[in-house]
Amino acid sequence: MHELSIAMSILDVAEEHAEPYGGVRVEAIHIKLGPLAGVVKEALVSAYQLASEKTRFEHSRLVIEDVPIVVYCSKCQAERPANPVHWFCCAVCGTAASEVLHGRELELAALELEE
Amino acid sequence: MNTKPRIVEVRQKVLKHNDEVARALRQRFQNAGVFVVSLVSSPGAGKTAFLEKTLTWLMQRGLRPAALVGDLATNNDAARLARSQAPVKQITTGTLCHLEAAMIQQSLDEWNLDELDFLFIENVGNLVCPSSYDLGEDLRLVLLSVTEGEDKPLKYPTIFNTADVAVVTKIDLAAAVEFDWAATNANIQSVRPGMSVIQVSAKTSQGMEEWMAFLASASQSAARTSRG
């Protein structure tokens with residue numbers, strides 16, 4: 001359960017980017033999250049609510065965009081989606097892929113400021 | 001404040017602060033010529049026994065290892081590791097389930113890195129949270145004991161996928177628990193194709209020679225890369 005640490009890191013980065021706009025309230029934070037980031041979405045949402053209390057982010061929405069796993073398949077010689085069960089295998093031909101191109105993302109994409 | 005936009009693009013890693021500290025640490029380790037290995041596993045997989053043996057063997061070979069060990073509470077592990085005569089420091093995380101780069105940075109204060117060849121960082125026993133945090137290590141080692149079940153790599157693919165080498169511990173108990181090596185290795189390879197897997201027993205020292213050879217080769221190739 002490190003989602004509270006993650007939520008606090010999200011708010012730290014968000015604060016840096018909201019600060020130039022003065023005391024404006026933030027309505028939403030958009031993040032990108034891959035299945036390989038090691039973060040449980042539901043736990044993150046609860047932790048975010050807790051961590052944002054009494055800050056300019058209180059009552060803001062945490063909007064999570066899921067990033068699918070994409071691997072480089074050496075057999076297909078192409079970028080391929082990963083198999084939904086065997087995460088590190090090519091969804092097309094099943095070959096185990098050693099290179100993960102997407103899926104580790106834990107990224108703050110954007111802030112939505114109040115009008 | 002009329003010029004304020006509705007949407008502010010950020011596009012930044014959430015753990016960028018940790019990543020920055022880790023990057024600085026990695027540079028510091030490289031400059032001092034220290035090869036750094038972090039150890040992750042579930043609680044009770046045998047990290048401390050394996051590390052105690054590793055420290056002892058390295059000391060006997062005239063090398064200079066040290067260890068940082070993370071736990072929620074107690075200094076028990078540090079006390080065990082100190083029997084190897086290597087410098088050891090405990091990091092007590094309180095309620096935190098993983099180590100972060102800043103904790104490593106703070107713990108290095110009293111040590112002169114130039115006097116070390118190897119630094120081992122034993123993470124808190126946990127197969128989930130440590131996967132997200134870069135500690136500036138050269139090598140991430142994941143341990144799995146024969147008593148844990150062959151499908152552990154499939155249940156915790158993220159930590160196995162981010163590791164560089166896997167060590168199967170307590171191999172002296174393999175027969176008693178009907179450990180299936182082929183299935184374990186196949187599961188590891190399916191989440192991290194091509195990963196080296198070493199079977200060891202800290203009790204009987206089986207596999208320790210192989211691990212020492214792996215460590216020597218990994219540290220030499222890191223040194224070659226850094227000399228560029």
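In chain B, strand β2 pairs with strand β6 (residues 139–145) in the parallel sense over four bridges, where strands are DSSP runs of E of at least two residues, helices are runs of H or I of at least four, both numbered from the N terminus, and two strands pair if DSSP finds at least two bridges between them. Within this pairing, Leu141(B) of β6(B) is the bridge partner of Leu39(B). The model is predicted, with local features needing pLDDT of at least 70 and side-chain atom pairs counting only at pLDDT 80 or more, whereas totals for chains, interfaces and linings use all residues. Residues are numbered from 1 along each chain as its sequence is written, and chains are lettered from A in the order in which they are written.

β2(B) also pairs in the parallel sense with strand β5 (residues 118–122) of chain B, over five bridges, and there Phe118(B) is the bridge partner of Phe35(B). Six of the six residues of β2(B) (residues 35–40) are buried, so the strand is largely enclosed by the rest of the structure; a residue is buried if 20 or more other C-beta atoms, placed from the backbone, lie within 10 Å of its own.

Between the chains, 32 residues of chain A are in contact with 29 residues of chain B, contact being defined by C-beta atoms, placed from the backbone, within 7 Å. On the side of chain A that touches chain B, β6(A) gives the most, with eight residues. Five bridges join β6(A) to strand β1 (residues 7–13) of chain B, the two running antiparallel, and Glu112(A) stands opposite Ile7(B).

Definitions and conventions:
Contact = placed C-beta atoms within 7 Å. Buried ≥ 20, exposed ≤ 12 C-beta atoms within 10 Å, placed from the backbone.
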